[in-house]
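I opened my notebook to keep track of what I looked up, one item at a time.

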Amino acid sequence: MMTKTVSSGFSRRMLLATAAVLVLAPAGAQAQDELNALVWCDHTDPALVEPFEKANNVKVNLKEYEGTGAAISIIEQSRPGDWDVLVIDAVDVPRAIDMDILSEMPADKLPLGDLFPEVRMEETTTKDGKVYAVTEKFGYNTISFDKTKVDPADMDDLSVIWSDKYKGRIALYDYYLPMVGLTGVGIGKKTADLKQEDLPAIKEKLFEMKKVARQVSDVVASQTALATGEVDIVVGGGEWLTAGLSGEKPNLDWTIPKQGALRWAQSIGVFKDSEKQDLALKFVQYIVSPEGQARLATSSCYWAMPANAKAGEHLTDPQKAALRWDKQPEYLKNSQLYPVADADMDAAMQDVWTEMLQQ
Amino acid sequence: MTATAYERAERRKAWAFALPALLWTGFFFLVPFAYMAAISFWTRQGREIVATWTLDNYVAFFEKAHLFKGLVVSLEITAAVTVISILLAYPLAWIIAERVPKKWQRFALIMAILPFWTSYVVRSYSWLLVLSKGGVVNQALLWLGVIAEPLELSANRIGTIIGFVHFFVMLLTLTIYANLIQLSPNYRRAAADLGANAFQTFWFVVLPLTLPGIMVGAFLTFVLCIGDYITPQILGGNNELVLPQVIMLQLGRRADFPMAAALSLVLMVVVTLAYIACARWLKMERT
Amino acid sequence: MRHLTTALAALYAGLIYLFIFLPVVVLVLFSFQDGTLPVPPLNGLTLRWYEAIFSDGKLMAALGNSLIVAIVSSAVACVLGFLAAYAFARYTLPASGLLRGLIVAPMTVSTLIIGLGLLSVLNLTGLRLSLVTVGIGHVVINLPLCFAIIYASMGGHQVNIERAARDLGAKDWQVMLLITAPMLLPSILAAFFLSVTFSWDEFIVAFLLSRFDVTLPVEIWSMLRSGLDPRTNAIGSVVFLVSVAFLVVMELTVFRKKAS
């Protein structure tokens, strides 16, 4: 009897221990300093992350995604504490705040005053005076093109993207939000006032664009297509598509047409459930510091303007030229933010986009 | 020990051997599958996933043309790939089995399937280098003067089909060859004795005898082709979406797991129907 | 006439072989591309992309991960498959047809569905996504294959030998380990190596079920999505070369023996 209890007690403990090992092993591994960040692909450049890893003796685990939907999908399939740092489109920060996944950051520990005023975006990155995210990088979804193959003057008018003139030589960037917005801009709708009623008109234009386009592709496939001459125009492109290739492919260019273009802005924040709030904040501070900003602006996946104006001191003149540093005031004025959509509007835009793909 | 006790012991042993595999499959395949089937009746409402029991996702699949078209595109591409692959692979398998000297056959066969051992992702991507406007094929054809303008071979359905056919020609060459060499030469001799010429022998004797093998290969092609995401994603240029792409889109863009589950189940049903049709045909063939 | 058909056959075979090898040749060729774009025209030859991949820690880690996952998951699948095959071939189990059907069922289901299902359930159990979960998925995919191959090779002629061993006093595990397994070694090895090949190159399950530690196909996929350079071709060529070397060794050892 005695032995039986002991042995069953023992085996139960064994079972518990095994279960604990199974469940806790990954968490145990996290006991040494590691930081888990969910990011856009520009943060995966070792040149950006390694200096932080070395300085703080941590390992930064990066998982990349494309599009806020994908990020939310990953977050929903994770458990609290799985993630420490989130990079997310600035316009989608309210969505993240609603989901209650971001923690407040101390404003006095962030260089908010050094950011270009136009991209501070307090209306989305803060709520009730509390800072939940800080803008780190911005750029434009507009038109990239090969200036040796198309007439640059044609690129000043957005209507070129649905005209027959460059039929079969156009790639569309495969991200519904900026593309629906840009098409709206093309027919004179402000992204800020975009409503479901506007979608049929936009859909019609999108279908026309699909007819003259050769392909619809993600970041790298668009880049490849333009660099290899597979297409001569990328709609939705911008400095993020061509600036990084400026050394090797000087024939690639981008512009903002007279109707204007879309402006994107990425922001970075800390997960509420992160067990490493301090380290995560440190990482955010590094990313928005002038040095971090310069590295982020010129990271391998795509280049774009740093949000922190002081990053300019750490960028070379050719880099600044590729980013069009001096033209920013003009560009900022002539660009609109991504449409901000509630769940229904978002679903409707995605349906329009998928219908266009299947056209 | 009585006979029944012995039998019971034997049975216990049998269960002990079979159980690990059964439990593994049950827990990591059957349970997930059942769970996914359940989720497919839930819905994403706004930004929440709600555990309702509705057919909404399935209704949406039939009502929303862009979702349903995913299945149509998948079926069209899969059918084309299956037919083209068989037509290309059969003669090669036949040549290897009939015309290549015995001692070189194994070598010829291995050469025919060697590119299997390149990474699948990389292989699709290198087709892009071959098929693009400035790619090897277009360059060669332009240089030869066969064409004046580059052909559009990638970023469309042609690209997807070429990428798929490449993979399945290798696979089918293997399975059809295995079938051909199992045929006894007596059949052919008998046909020749009865006065059949080479073509008649092939058409009336060899081909019917290898048909079951072809069917099995065709089914394998169907299953693997209709469920693949990589090849159309890399070579299709997003000009149309196959069902697996639509499924990944639900997951990647809208975080809509219920919809992805429902579409997966549709895919599953289609494969099952193909399986039943194939099994039926094989049974009829045998009787 | 005979010459004509032979010539036609040779021509046809030549064309198909060209088709089959085209992407591989282009892949290897452009891995030596001098310049950052792995696209025609070929600017010149360089080995720097090979240097780049061998000094790329993430890529090499992914290569190691792939090897570990492939070997461990295949071994598990083979052991489970062997035990089950033994049970079904040597004993009578109730509803044996149904149970065998269950074990081979995953073979007819798309890997995408297997991956999605596992993802949703793992989420409930609290097991974090890692190489372990990728391995679990790969066992699910490979178990049917291992079971089918080993089960098919368990013929009646081995039963007598096993019975003889048992009559001579061997215990069950001794019979299985010392008699059955060695007799079935060729098919067990074939199942194992086929599993390794599948697991090594499997993408969608590995993509869905991994987080930071990824396998090689997933790493290559994210390389493709985060920048354009000939390293993709270089790693692709290396994988091909290693796999072919592995294949040649297999051909000369395992299968040569089986043929003789």
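**Ground rules.** I am working with a predicted model, where local features need pLDDT of at least 70, side-chain atom pairs count only at pLDDT 80 or more, and totals for chains, interfaces and linings use all residues. Residues are numbered from 1 along each chain as its sequence is written, while chains are lettered from A and ligands numbered from 1 in the order in which they are written.

**Chain A, domains.** I looked up how chain A is divided and found domain 1 (34-138 + 265-325) and domain 2 (139-263 + 336-357); such bounds come from an automatic or database domain assignment. Taken over C-alpha atoms, the centres of domain 1 and domain 2 of chain A are 25 Å apart. I then checked where they touch: 15 residues of domain 1 of chain A are in contact with 14 residues of domain 2 of chain A (contact: C-beta atoms, placed from the backbone, within 7 Å). The domain 1 side of chain A has 11 nonpolar, 1 polar and 3 charged residues. Here Ala, Val, Leu, Ile, Met, Phe, Trp, Tyr, Cys and Pro count as nonpolar, Asp, Glu, Lys and Arg as charged, and the others, Gly among them, as polar.

**Chain B, fold.** I counted elements next: chain B has 12 helices and 2 strands (DSSP runs numbered from the N terminus, H or I of at least four residues for helices, E of at least two for strands). From the N terminus on, chain B reads α-β-β-α-α-α-α-α-α-α-α-α-α-α. Why is chain B more spread out than a compact globule? Its radius of gyration is 24 Å, well over the 19 Å that the globule rule gives for 287 residues (taken over C-alpha atoms; the rule is 2.2 Å times the number of residues to the power 0.38). Along its principal axes, the C-alpha trace of chain B spans about 80 × 70 × 30 Å.

**Chain B, record.** UniProt, in an unreviewed entry, places "domain: ABC transmembrane type-1" at residues 71-278 of chain B; annotations there may be inferred rather than shown by experiment, and positions follow the numbering used here, with feature names shortened. I checked residues 71-278 of chain B: the span is 78% helix and 0% strand, with its end C-alpha atoms 20 Å apart.

**Chains B and C.** I found 60 residues of chain B in contact with 64 residues of chain C. Which helix gives the largest share of the chain B side? H1(B) does, with 18 residues. The chain B side divides into 46 nonpolar, 10 polar and 4 charged residues.

Methods: Contact = placed C-beta atoms within 7 Å.
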